[in-house]
Each structure stands twice: as structure tokens, then as C-alpha cells.
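Student: Could you help me learn to read a protein structure, one feature at a time?
Tutor: Gladly, let's look at it together.
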Amino acid sequence: EAVIRPLVICVLYFVCACVRVRVRAYVNTVEVATVRVTPDTSVFTGETVTLKCEIEKLYTSLHWRYLWYKDRINTNTLTISSVTQSDQDEFWCRGARAGCTSSSQDSDHVTLSVKGSKPKAELRSDTEGSVLTGNTVTLKCLMNQFTGWKFYWYQHTQNTEKKTTDENYYTIHTVTVSDGGLYWCRAGRGNPVYYTDYSDVLWINVTGVSSSVSLIIRPNRTQHFSSESLSLSCEDHRNSTGWTVRRYTNTLETCPSSSVRSTGTESTCTITSLITSDTGVYWCESESGHKLHPVNISIHNGDVILDSPVHPVTEGDSLTLHCLYRDKNPSNLRAEFYKDGSEVQNQTTGDMMIISTVSKSHEGFYSCQHPERGASPKRWISVTDSQFSAGVCPYLIVTVVLVFNATVVFESCVPLY
């Protein structure tokens, strides 16, 4: 009797609990299962994904059995290590009380999407031009999606420094000379941490060197068609010599010696037939190693490019963009213009877009698209403060330039005004 009595009580407790569950079912209070996905329902190949079946537990002394689609395992947590595209599917779950015939409602269906390629972060600065020391520079590590990511920031010093933020931006307050150098970023999430590829390098340079040298580009644009010719000249207004056009494509080099011509105070580099491998950063460099006026030049095999200013546009000035076509122009010149991926609804006429008065809000990525010829590559348009104009300048500044994985130091200065 001492053994049977507790057993009878236990059985009655379970029976009563099951009856209570069934009674609750008749008044529409049956437990509902919910699937929680970490880090996100959209992930990349190689990440670890955790799906958890959660059920409101009104009777904590009773146990649930869990049924999953697509793997019927009795656990509330389903972990997929190093996910592949074959794991892409719909998932849902439900729970059943141990010893009872009652169960929860099925959870909503959750679709797991797996992208095949590893993402690459993109590093940008809020100042593509020049900033006085003492001001603030904010770097942004851009991703197509942000759920669950932490962001890792690197500065190239003697011992490479790494900082971590939950936000996708990193602010350098009161910029000083020691803040100069190479920066790059990447993002990571999950446990174990899944990292994106590193971004391209962003160069922040601090210098007090003034300059009378100009980099002249003919045709005066940054995007060019393959097979076209291109001429770049370092012109020195003080009649000094020794400036040469240099570039970084896949390697650091001067223009091919056969294409370089020097006359007095001008050194010219001419490429008679451009190819895509000529894409890179071009600048002027003195005999002593000073580097000035870096410009990103890109070469394209497509039929459409965007004609835009080589240098940053000043606030208050006008901005004109053209859609240019390989060979002859199409019969229909109507083109659509885009800023940061969104179509610009006004300010366009045919193959031209004009902004009469530029402001800081006009900064961004621009492109154009023709219905028959296709789309141009994107081009970043930078806007500088209206208080600065051309001239010789003695002040110390910070110059931010995107460099293709190269340690290149550029020098500039704040103009007189």
C-alpha cells in the first residue's frame, strides 16, 4: 500500500493535467508553438543556424516531446552547423505532452534562405574629401543586411589594432596626426563567429604639405570604355620638375615607360588602348616621394558609362551628369538616372541630369541606365564645403581616399579662402 498510493496519485495528476489541457482546447487556449531562428532566416553558406521550438509552459512539471519538420527529433533546439544551400527549406514544429494525447498547434512555417557566396563588407567615410584636424570622421561598414552582426574595425599600425562595435559605424573624434593610416573592416555573427570578407582599404592621411601641382585627365572623367585612349598629366604651376604619373592597379608602378612624355613642367602618361586591367588609382608623385591628387580610374567593357566630375563638387555649384554610349548614340537618348539605387524622378533631360545647386545631401552613388544599351557602373559623387576654393594652402588636413589594397600615402592641404 505504501508503494501503490503514491503511484495512484501520480497517475491521477497526469490524467487531470491532460483533462485540463483538453478543456482549455475547447475554449481556444491550446498552446501555440513558435520557431525562433538565430542569427536570421537569411544566412550565408558556412554559418551555424539554430532553430528553437518554444511553447508556453503552463505546467512546468510536465514534459513536452518535440516534433520537427524537416528532421523529426525530440528536442526543442535544432542546430545546423556549417549550413549549405541543401539546408534551404521550410521549418515548423509542434509539441506533445509526455503521457498525453494532446499537443500544441503547429508553429508558423519559417523559410530558411541560404546564400551561396560569402559577403564582403564595404568601408565608406562620411568625408570623401578633406577634413581639418580637430574635426570628426565617421567610417561606415556597409552590408546588405544587418541582423545580428558585430563590426570589427582595423587600423594598420605597428601592431594592427582591432575595435568592435554593435553598430555599423565607427567615429574618430578630434582627428590628429596619429589617426592617419590604413583602415578596413569586416562583420561577424553567430557562435562560432562567422566572418565576412574584409573590405577594401580606406586611407586616412594627415599632412601639411602645400602643392602647386595638378593632375589633368583627358577625357576629363573617371569612367572610360575599353579600347579608348587616356591621357594623364602632372602640371606644376611653379615651374618645378620631377613630378611623374604613378598608378596602382594590381601592382604599384609608373605608367609604362613607352607612354610617358615630359616637356618642361608637365609629365604626361598616355595609354592608347585601355583594357580593364588599367583600372586603378592614379596620382602625381615627386622625385622625393610626395604623392598628390589620387583619382580612381575605372575601365569598362560595357556599352554605357557615366560622365561625372573627376574631383569633388563644391556646395552651391551645379552638377551635370551624362550617360555616354560606346560607338554611336542610340536613336532614343532617354536614360534613367539613379542615386543610391533609387531612380531620380526629376532634374533629368534625355541623357543628361543637372542639379543646379548642389548640397551635402546630394552625395552618393550615381548611375544611369538606357533601356536598350544597359546600365553604367556606379560612381561616388562627393560634395565639399563651400568655404574652400582653389589655391595654395598651408593648413594641416586629413584626406580620405579609397585605395585598392595598397599602402599609398597621399598629401594635400586646405585651400586659402
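Tutor: Let's begin with an idea we need for sheets: two strands pair if DSSP finds at least two bridges between them. Keep in mind that this is a predicted model. Here, L319 has I355 in β32 as its bridge partner.

Student: Which strands pair with β32, and over how many bridges?
Tutor: β28 and β32 pair in the antiparallel sense over four bridges. β31 also pairs with β32 (residues 352–355) in the antiparallel sense, over two bridges.

Student: How does the chain get from β31 to β32?
Tutor: Through a hairpin with two residues between the strands, where G350 takes a positive phi near 60 degrees.

Student: What about the side chains in a strand?
Tutor: In a regular strand the side chains alternate between the two faces of the sheet. Take β32 as our case: M353 and I355 are on its covered face, while M352 and I354 are on the uncovered one.

Student: Let's turn to disulfides. How many does a search of the whole structure find?
Tutor: The search finds four. To spot one, look for a pair of cysteine sulfur atoms within 2.5 Å. C53 and C93 pass that test, with their sulfur atoms 2.0 Å apart. This pair links distant parts of the chain, since C53 sits in strand β3 and C93 in strand β6 (residues 89–97), 40 residues apart.

Student: Why is the disulfide of C53 and C93 called right-handed?
Tutor: Handedness is read from the torsion about the S-S bond. For C53 and C93 this torsion is about 85 degrees, so the disulfide is right-handed.

Student: Which disulfide is left-handed?
Tutor: Have a look at C234 and C284, whose sulfur atoms are 2.2 Å apart. The torsion about their S-S bond is about -105 degrees, so this disulfide is left-handed. It joins distant parts of the chain: C234 is in strand β19 (residues 230–236) and C284 in strand β24 (residues 280–285), 50 residues apart. Both C234 and C284 are buried.

Student: Where are C323 and C368?
Tutor: A disulfide joins C323 to C368, with an S to S distance of 2.1 Å. C323 lies in strand β28 (residues 319–325) and C368 in strand β33 (residues 364–370), so the pair ties together parts 45 residues apart in sequence. C323 and C368 are both buried.

Student: Finally, can we read a loop residue? Where is E47 found?
Tutor: E47 is in the loop between β2 (42–44) and β3 (49–55). At 1% relative accessibility, E47 counts as buried.

Student: Which residues does E47 touch, leaving out those up to four places away in sequence?
Tutor: E47 touches P39, I80, S81, S82, V83, R189 and Y194.

Key. Residues numbered from 1 in each chain as written. Predicted model: local features only at pLDDT ≥ 70, side-chain atom pairs only at ≥ 80, totals over all residues. Heavy atoms only, no water. Buried < 20%, exposed > 50% of the residue type's maximum accessible area, 1.4 Å probe, protein only. Contact = heavy atoms within 4.5 Å.
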